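Here is a short briefing for a first look at this structure. Keep the sequence and the 3D view open while reading.

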Amino acid sequence: MAETRRRSWHRRLGHWFKELLWPMGRSCMLCNRATRSQSLCPACMERLAACELPRAYQLPGITEADGLCAAFAYEEAAKRLVWELKFGALEEAGVVLGWRLAAAVRQRGMDADLVTWVPMPEKRRRERGIDHARCLAEQLAKALALPCAGLLARGAEDTALQHTLSRKERLRHARDAFCPAMNAPSTEGLRVLLVDDVLTTGATAAACVRELRAMGAEQVFVAVACRALREES
Ligand SMILES: [Zn+2]
């Protein structure tokens, strides 16, 4: 983990130096080629566009949610952008993903009042130096001109129940336990848009949706940057 943190610092320092030495131009986030004013060069833009999910693509349903959308398949350029956001702590990647996700949300007509995100465990957030889902949610909210607020926190383990579960089930249960965040604003009667980076089985998002409903949200939509076509961690 110290290694991840060091890598992310090196990256940030690298980007900072580039800006300092060459303030008039920028370089592409994915291939480092010079590019005018944009964070991705035209070739990488095309590579990213190739990852866009077709409009008719059927996502696995999260029965708890009122709607679900994803912008990209978790492959190639889209996967690399998520990596840059998550492990490189590169906020610029969140800007690109967030704004493209906004287009997918609009296309699906998922009208919401408030944007929130799937929170990551505090320990991991400190190690990585960024909460990638929060970064995505903030950019998406900006693009949709909606407020953004942290509504959920990772819940404590329910020890009474934990004793009856196997180690694997316990880990899964702890991972999927959520509770209201401290000082979370009221969600009573609101339409909430929940954001995450990658959708695999949908179990984590479903657990968040259940908690948001318990907190009084009238409708809950889920928006993810990428849909993983294969199971992986
Ligand atoms: Zn490029």
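Start at Ser39, which sits in the loop between S2 and H2. Ser39 is buried, because its relative accessible area is 12%, and the cut-off for buried is under 20%. The model is a predicted one.

**Zinc site**

- Cys28, Cys41 and two further cysteines, Cys31 and Cys44, coordinate the zinc ion.
- The arrangement is tetrahedral because the four donor atoms subtend angles of 106 to 116° around the zinc ion.
- Along the sequence, the donor residues follow the spacing C-x2-C-x9-C-x2-C.
- Cys28 and Cys41 link distant parts of the chain, 13 residues apart.
- Cys28 belongs to the loop between strand S1 (26–27) and strand S2 (34–35).
- Cys41 belongs to the loop between S2 and helix H2 (42–49).
- Both Cys28 and Cys41 are buried.
- Ser39 lies 5.3 Å from Cys28, C-alpha to C-alpha. In sequence, Ser39 and Cys28 are 11 residues apart.

**Paired strands**

- Strand S3 covers residues 67–73. Seven of its seven residues are buried, so S3 is largely enclosed by the rest of the structure.
- Strand S8 covers residues 219–227. S8 is mostly covered too, with eight of its nine residues buried.
- S3 and S8 run parallel and are joined by six bridges.
- Strand S7, residues 191–199, also runs parallel to S8. Eight bridges join S7 to S8.
- Which residue of S8 is the bridge partner of Cys69? The partner is Ala223.
- Ala223 in S8 also has Val195 standing opposite.
- In a regular strand, side chains alternate between the two faces of the sheet.

**Positive phi angles**

- Most residues other than glycine have a negative phi.
- Asn32 has a phi near 70°, a positive value in a residue other than glycine. Asn32 is found in the loop between S1 and S2.
- Glu76 has a positive phi of about 40°, and Glu76 is not a glycine either. Glu76 is found in helix H3, which covers residues 76–86.
- Is Glu76 buried or exposed? Glu76 counts as exposed, because its relative accessibility is 60% and the cut-off for exposed is over 50%.

**Second largest pocket**

- Rolling a probe the size of a water molecule over the atoms shows where empty space is left.
- The second largest pocket holds about 340 Å³ of space.
- How many residues line the second largest pocket? The lining has 18 residues.
- Trp117, Glu122, Arg125, Asp131 and Arg134 lie nearest the centre of this pocket.
- Helix H5 (122–128), helix H6 (132–144) and strand S5 (152–154) are the elements that give two or more residues to the lining.
- By type, the lining of the second largest pocket divides into 10 nonpolar, two polar and six charged residues.

How values were computed:
Residues are numbered from 1 along each chain as its sequence is written. This is a predicted model: local features need pLDDT of at least 70, side-chain atom pairs count only at pLDDT 80 or more; totals for chains, interfaces and linings use all residues. Side-chain values use heavy atoms; hydrogens and water are left out. On a 1 Å grid over the protein atoms alone, a cavity is a set of points where a 1.4 Å probe fits but cannot get out, and a pocket is an open set with protein on both sides within 12 Å along at least five of seven lines; lining residues have an atom within 4 Å of a point. Grid points are joined across faces, edges and corners, and a volume is the space filled by probe spheres set on the points. Helices (H or I, at least four residues) and strands (E, at least two) are DSSP runs, numbered from the N terminus. Ala, Val, Leu, Ile, Met, Phe, Trp, Tyr, Cys and Pro count as nonpolar, Asp, Glu, Lys and Arg as charged, and the others, Gly among them, as polar. Donors are N, O and S atoms within 2.8 Å of the metal (3.2 Å for Na, K and Ca); water is not among the atoms, so sites may look incomplete. Four donors count as tetrahedral if all angles lie between 85 and 135 degrees; four count as square planar and six as octahedral if opposite donors are over 155 degrees apart and all others between 65 and 115; anything else is irregular. Buried means under 20% relative accessible area, exposed over 50%, partly exposed in between (1.4 Å probe, protein chains only). Two strands pair if DSSP finds at least two bridges between them.
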